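Here are my notes on the model, as numbered points. Please read them with the structure open.

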Amino acid sequence: MAATHIVVADRWIHLRADTCVDAAGRTIAPYYVLEPAEWISVLALNTDGEAIVVQEYRHGAGVVALGTIGGAVETNETPRDAALRELREETGYQAGEIIDLGATWANFGNHTNRVHHFLARDCSLVTDQSLDDGELISVCIHPLEGLGEQLQQSYHQLTWYKALSHL
């Protein structure tokens, strides 16, 4: 087993430094690995078939961007339950139907987690947003056509693309 050292572990990040031995037998050290929670990405459609998307500041890129509903899967929570929770918290909408579109690796080069993609159909507004401290999210209703070009994050685009095959 390769050597591992925990660099930082708190509520926001878990980062380890490994001694990695690749398939060719070469040693790479330190090789940094992020261990975030599983993520969800939800393309939500209202009862008229329009996309419910969110716009928020993304500090890593330094941009305000349009995206799908998303977040982390909490401990003892299924990805499906996280998708429904995040939809309600971020937008105030509740899904009439939720479809599991499968999962992809967030970044299998140095992340241990996956992104679970969902399509939420027949969504109705049932409550106000319930945002975490530090979140500032605007809810936008957007035509489904052309939405893919508006999404800047690759896994948001993938959720949009996967959802199209279920419509």
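1. Largest core. The largest nonpolar core has 17 residues. Those touching the most other members are Ile40, Val42, Ala44, Leu87, Ala120 and Cys123. A nonpolar core here is a set of buried Ala, Val, Leu, Ile, Met, Phe, Trp, Tyr and Cys residues joined through side-chain atoms within 4.5 Å. Buried means under 20% relative accessible area, exposed over 50%, partly exposed in between (1.4 Å probe, protein chains only). At least two residues of this core come from each of β4 (39-46), β5 (51-58), α1 and β10 (114-125). Another core, of 13 residues, lies apart from it; Ala51, Leu101, Leu147 and Ala163 are among its members. In soluble globular proteins, nonpolar side chains tend to be buried together.

2. Basis of the values. This is a predicted model, in which local features need pLDDT of at least 70 and side-chain atom pairs count only at pLDDT 80 or more, while totals for chains, interfaces and linings use all residues. Residues are numbered from 1 along each chain as its sequence is written, and side-chain values use heavy atoms, with hydrogens and water left out.

3. Overall layout. The protein has three helices and eleven strands. Helices (H or I, at least four residues) and strands (E, at least two) are DSSP runs, numbered from the N terminus. The order along the sequence is β-β-β-β-β-β-β-α-β-β-β-β-α-α. The C-alpha trace spans about 55 × 35 × 30 Å along its principal axes. Of the 167 residues, 35% are buried. Contact means heavy atoms within 4.5 Å. Among contacts between residues at least 6 apart in sequence, 59% join residues at least 24 apart.

4. Leu87. What is the burial state of Leu87? Leu87 counts as buried because its relative accessibility is 0%. Leu87 lies in helix α1. Leaving aside neighbours within four places in sequence, Leu87 is in contact with Ala44, Ile69, Gly92, Tyr93, Gln94, Ala95, Ala120 and Cys123. Two of these partners, Ala120 and Cys123, are also listed with Leu87 among the core residues that touch the most other members.

5. Helix α1. This helix covers residues 79-91, 13 residues in total. From first C-alpha to last, α1 reaches 18 Å, close to the 18 Å expected at 1.5 Å a residue. The expected span is 1.5 Å times one less than the number of residues. Its buried residues are Ala82, Ala83, Arg85, Glu86, Leu87, Glu89, Glu90 and Thr91. Just after α1, Gly92 takes a positive phi of about 85°.

6. His117. This residue is found in strand β10. His117 is buried, with a relative accessible area of 0%. Beyond four places in sequence, its contacts are Ser41, Ile99, Asp100, Leu101, Gly102, Ala103, Thr104, Tyr155, Leu158, Thr159 and Lys162. His117 and Leu43 are 74 residues apart along the chain, yet their C-alpha atoms are separated by 8.1 Å.

7. His142. Strand β11 (residues 138-142) holds His142. His142 counts as buried because its relative accessible area is 17%. Outside four places in sequence, His142 is in contact with Glu50, Ala51, Val53, Leu66, Leu147 and Gln150. Ala51 and Leu147 in that list also belong to the core of 13 residues.

8. The open sheet. Three strands form an open sheet in the order β1-β2-β3, with antiparallel pairing. Two strands pair if DSSP finds at least two bridges between them. The edge strands, β1 (4-9) and β3 (27-34), each pair on one side only. Neighbouring strands are turned by 25° against each other on average, direction ignored. That angle is taken between lines fitted to C-alpha atoms, and angles run from 0 to 180 degrees between N-to-C directions. Five bridges join β1 to β2 (residues 14-21). One partner pair is Ile6 with Arg16 in β2.

9. Cysteines. How many disulfides are found? A search of the whole structure finds zero. A disulfide is a pair of cysteine sulfur atoms within 2.5 Å. The sulfur of Cys140 is too far for a bond, because the closest cysteine sulfur, in Cys123, is 15 Å away. Cys140 counts as partly exposed, at 22% relative accessibility. Cys20 also counts as partly exposed, at 22%.
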